[in-house]
Amino acid sequence: MNLQLEPDVAFGVHPDLGVAAAVADDRPFLDEVLRKHHFRYSSYLDVYLLPGDTPHNTAVRTVARASREFQDVGLSVAADPRIVLPPPIPTPNGVPVRQALPGQSLTALTGELHGLHRSADVADVLEQIVDEHHGAVGDLEEFIDTAAAWCERLGTPDGRELGLHLRTIAHHVAFLGDQLVAAQLDLAEMPDVTPDNAPPLAEVPLPARHEVPSVTHTARSRAALAASPNRPAPTTGPAPPDEAVRPQAPAPNARRSR
């Protein structure tokens with residue numbers, strides 16, 4: 001790519017060292033911002049580098065935040081599009097490595113809906129989410145399955161329990177994907193077009209949702225009910241009502257729909 005003007009900062013990908021940044025001059029502000037975002041200067045290469053163990057998503061967010069900070073003060077920034085390309089997903093020996101594909105964010109797809117007028121166009125956007133090979137639903141199901149396998153690898157009762165819980169969630173995600181496919185097919189067959197006098201989508205109120213306790217709240221509730229390792233168990237007498245043994249809920253069904 002030939003630039004007519006040299007940018008103040010350029011971000012790129014080094015084949016061996018990862019994400020790098022180069023600056024047009026030695027202004028202290030450029031150095032300060034890059035170091036703030038965990039870039040370190042290499043005098044040997046004359047570029048700034050992120051630590052080699054920086055996760056891919058963290059590196060992408062770091063480049064985006066640093067770029068925004070530079071642009072907010074009027075500096076020009078150039079970035080190699082290959083920065084957003086995710087690394088290949090590890091696979092067992094003998095299985096071909098699966099190359100991850102850069103997909104559109106759900107935020108971008110949601111934004112597209114505001115400019116659409118035909119049902120078939122909405123169906124096309126929804127198809128990108130339920131696509132079998134690189135749709136968001138399938139990727140989410142695979143992520144949860146992988147997280148479950150990580151928990152089970154701990155070899156502890158808590159790890160196995162959480163792994164089972166995550167696989168149940170993956171089952172629900174697969175079911176959700178099936179329902180979205182049905183909705184996508186219905187939209188594709190509808191000849192409807194938004195009327196000219198319809199209000200903007202941004203002005204249509206979204207339906208109210210039931211509040212779901214956060215993971216942190218749930219974890220704190222479990223911790224409050226768990227026995228403290230520093231509190232000795234009573235040796236005589238019946239257990240107090242608030243510490244009585246509660247019946248355990250049956251284990252969730254871990255069957256998968258696909």
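**Salt bridges**

I began with D25, which forms a salt bridge with R27; their closest N and O atoms lie 2.7 Å apart. This is a predicted model, so I keep that in mind for every entry. D25 is partly exposed, at 32% relative accessible area, and R27 is partly exposed with a value of 32%. I then counted nine salt bridges in the structure.

Next I looked up D31, which pairs with R35 in a salt bridge, with 3.0 Å between the closest N and O atoms. Why do D31 and R35 sit about one helical turn apart? Because they are four residues apart in helix α1. D31 is partly exposed at 24% relative accessibility, and R35 is partly exposed at 35%.

In helix α2 I found D72 bridged to R68, the closest N and O atoms being 3.2 Å apart. Both of these residues, D72 and R68, are exposed. I also noted that bridges with shared partners join D8, D25 and R27 into one network.

**Cores**

I turned to the largest nonpolar core and found 16 residues in it, with F11, V19, A21, L34, F39, V63 and F70 making the most contacts inside. At least two core residues come from each of β1, β2, α1 and α2, and α2 gives the largest share, four residues.

I checked F70 beyond its neighbours within four places in sequence: its contacts include V9, F11, F29 and L75. A second, separate core has twelve residues, among them L109 and V173.

**Surface**

Last, I looked at a nonpolar patch of about 340 Å², made by L17, Y44 and L45. L45 lies in the loop between β3 and β4 and is partly exposed, at 32%.

Note on methods:
Residues are numbered from 1 along each chain as its sequence is written. This is a predicted model: local features need pLDDT of at least 70, side-chain atom pairs count only at pLDDT 80 or more; totals for chains, interfaces and linings use all residues. Side-chain values use heavy atoms; hydrogens and water are left out. A nonpolar core is a set of buried Ala, Val, Leu, Ile, Met, Phe, Trp, Tyr and Cys residues joined through side-chain atoms within 4.5 Å. Buried means under 20% relative accessible area, exposed over 50%, partly exposed in between (1.4 Å probe, protein chains only). Contact means heavy atoms within 4.5 Å. Patches are made of residues with over 30% relative accessible area and no salt bridge: like charges are joined within 9 Å, nonpolar side chains (Val, Leu, Ile, Met, Phe, Trp, Tyr) within 5 Å. Accessible areas come from the Shrake-Rupley method with a 1.4 Å probe; for residues, only the protein chains shown count as cover. A salt bridge is a side-chain nitrogen of Lys or Arg within 4 Å of a carboxyl oxygen of Asp or Glu.
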